[in-house]
Protein chains: 2
Amino acid sequence: MNVVEEMRLLSLNQATIQTWSARDAIEGCARHGVGYVGLWRDKVQEAGLAATRRLLDETGVRVSSLCRGGFFPAPTISERAERIEDNRRAIDEAAELGTDLVVLVCGGVVDRDMPGSRQMVADGIAALIPYAAERGVRLGIEPLHPVFAGDRSVIAGFGEAAALAERLASPQVGVVVDVYHVWWDVHVHELMRGLGERFFAFHVNDWLAPPPDVLLGRGMMGDGVIDLHGLHATARASGYMGPVEVEIFNRDIWSQPGDEVMALMLERYRAHVLGER
Amino acid sequence: MNVVEEMRLLSLNQATIQTWSARDAIEGCARHGVGYVGLWRDKVQEAGLAATRRLLDETGVRVSSLCRGGFFPAPTISERAERIEDNRRAIDEAAELGTDLVVLVCGGVVDRDMPGSRQMVADGIAALIPYAAERGVRLGIEPLHPVFAGDRSVIAGFGEAAALAERLASPQVGVVVDVYHVWWDVHVHELMRGLGERFFAFHVNDWLAPPPDVLLGRGMMGDGVIDLHGLHATARASGYMGPVEVEIFNRDIWSQPGDEVMALMLERYRAHVLGER
């Protein structure tokens, strides 16, 4: 793909500009010529699902993914059932917004039992597959950085996420590759190449060394230590040809005007991800 | 091993009680009936190497490991040579203190080049092997939690550390397993079982979820989400029969009187690691 084609596939994950509503994010993308947006459920709820859909139709901005489903492990059967039910709502919302991808943050460990918690994740996703298939929505397992294994995702390694997706053996289930979570893995390139049709999404940002805060201290592309150009090249060589979301949780960036962040994001994406300097 | 034998193999890594000097730590171990201590080079330097050795001889407390060598990656050849030279001093100090183990924190990424930085680590350790062998000292590669991959260790996965040790193919090189760094890995038990003679050390503490601070927010055993009893059992089943260090970097614990921390550590070790409640 050439640079123009690549820039057409850029997506703003709205978590990058936390001060923007869903409406602001969609209009901001349209204003800056960004073709895709990654939306968050809470923001969509605030803006209204139907109103958001109308704005998408008016602007032509497309939704690359809806964040987020998951959080399957819970101590009781009824809590686990509630969470699966909530994931069904996420699938409905994704379909309504015209995206075929729900990003799954699988959930943390229950009762110090990693194998048991992982089984709850596998069972939860399996329970969703028929519902997702009927609506044409795919479930993207996002391996989270191991720093979140306690409270956010027991699926903490890229290899583990890939193996889980393979085991679930459904076209509805694949992997969301976010460089922040997997950049450090000695096998990251070969794991990307091995995903095949299960390579559902690719997210970029940067790893500050050391991170000022692991949750809200992600870096803008170019400010950290990740070989973004190399990982992006491998993503494309692996056959992933979809949108690339920029997803940066960073308090400093959130304190800046959204339009300035958009301009910086475009510049940094071109320079550090596409290598056009 | 029974509980008495296990308690004899408990070691205080002095990082757990940061306010104690090397002398305080050795005397504290003697006072509390703890047979082993893990020492830090800066603390030993402050106390004096010969004086520390004398105190060890007087008290009968043994050194389970010396922290730390490593930090091999650097931008220039001369800097890398300096770091290898510093590791030689660590080996000398370990020999003088009567421990056969230097713990390696391998060092962070240079110039966004993970493969290159990893090669610098492998080359650095390889360069030390003859020197270590002459002095009867072993080099323990500690896979660090991936949250430290940017600034402290590009050897961020247990599997990677095990593979590196195997590749270096020397009785001088093995792996230091600290639960804080590897607990989240889906393969942690099988990786422990696969180490064989390369299982050089085992460290315990706990993972708070979420951690209040990734560097200085480790938990006391029992305060977090790690299945310590299960991991310890696997360490012993894997054939590792050496000392077990308690290593906790935690500002709250550092603010408590050392003798209280020792008492708590003994109680929690017995309950949560050995499962004696």
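1. The crossing of H7(A) past H9(A) is left-handed.

2. Here is who meets whom in that pair. From H7(A) come Phe158(A), Gly159(A) and Ala162(A), and they meet Val188(A), Leu191(A), Gly194(A) and Leu195(A) of H9(A). Sorted by class, this contact of H7(A) with H9(A) holds five nonpolar and two polar residues, with no charged ones.

3. A word on confidence, as this is a predicted model. Chain A has a mean pLDDT of 98, with 100% of its residues at 70 or more. The scores for the model are ipTM 0.95 and pTM 0.97.

4. Over in chain B, do look at the barrel: eight strands, in the order E1-E2-E3-E4-E5-E6-E7-E8, form a closed barrel with parallel pairing. On average, neighbouring strands of this sheet are turned by 30° against each other, direction ignored.

5. Strand E4 (residues 101–105) of chain B pairs with strand E5 (residues 138–141) of chain B in the parallel sense, over four bridges. Within it, Val103(B) stands opposite Gly140(B) in E5(B). Helix H7 (residues 158–168) of chain B lies across E5 and strand E6 (173–178) of chain B, and runs at about 165° to E6(B).

6. Finally, the interface: 23 residues of chain B are in contact with 23 residues of chain A. On the chain B side that touches chain A, 14 residues are nonpolar, four polar and five charged.

Notes:
Residues numbered from 1 in each chain as written. Chains lettered and ligands numbered in written order. Predicted model: local features only at pLDDT ≥ 70, side-chain atom pairs only at ≥ 80, totals over all residues. pLDDT = per-residue confidence, 0-100. Contact = placed C-beta atoms within 7 Å. Nonpolar A, V, L, I, M, F, W, Y, C, P; charged D, E, K, R; others polar. Pairing = 2+ DSSP bridges. Helix = DSSP H or I, 4+ residues; strand = E, 2+ residues; numbered from the N terminus. Axes fitted to C-alpha atoms, helices over the stretch in contact; angles between N-to-C directions. Left-handed = near helix turned anticlockwise from the far one by under 90°.
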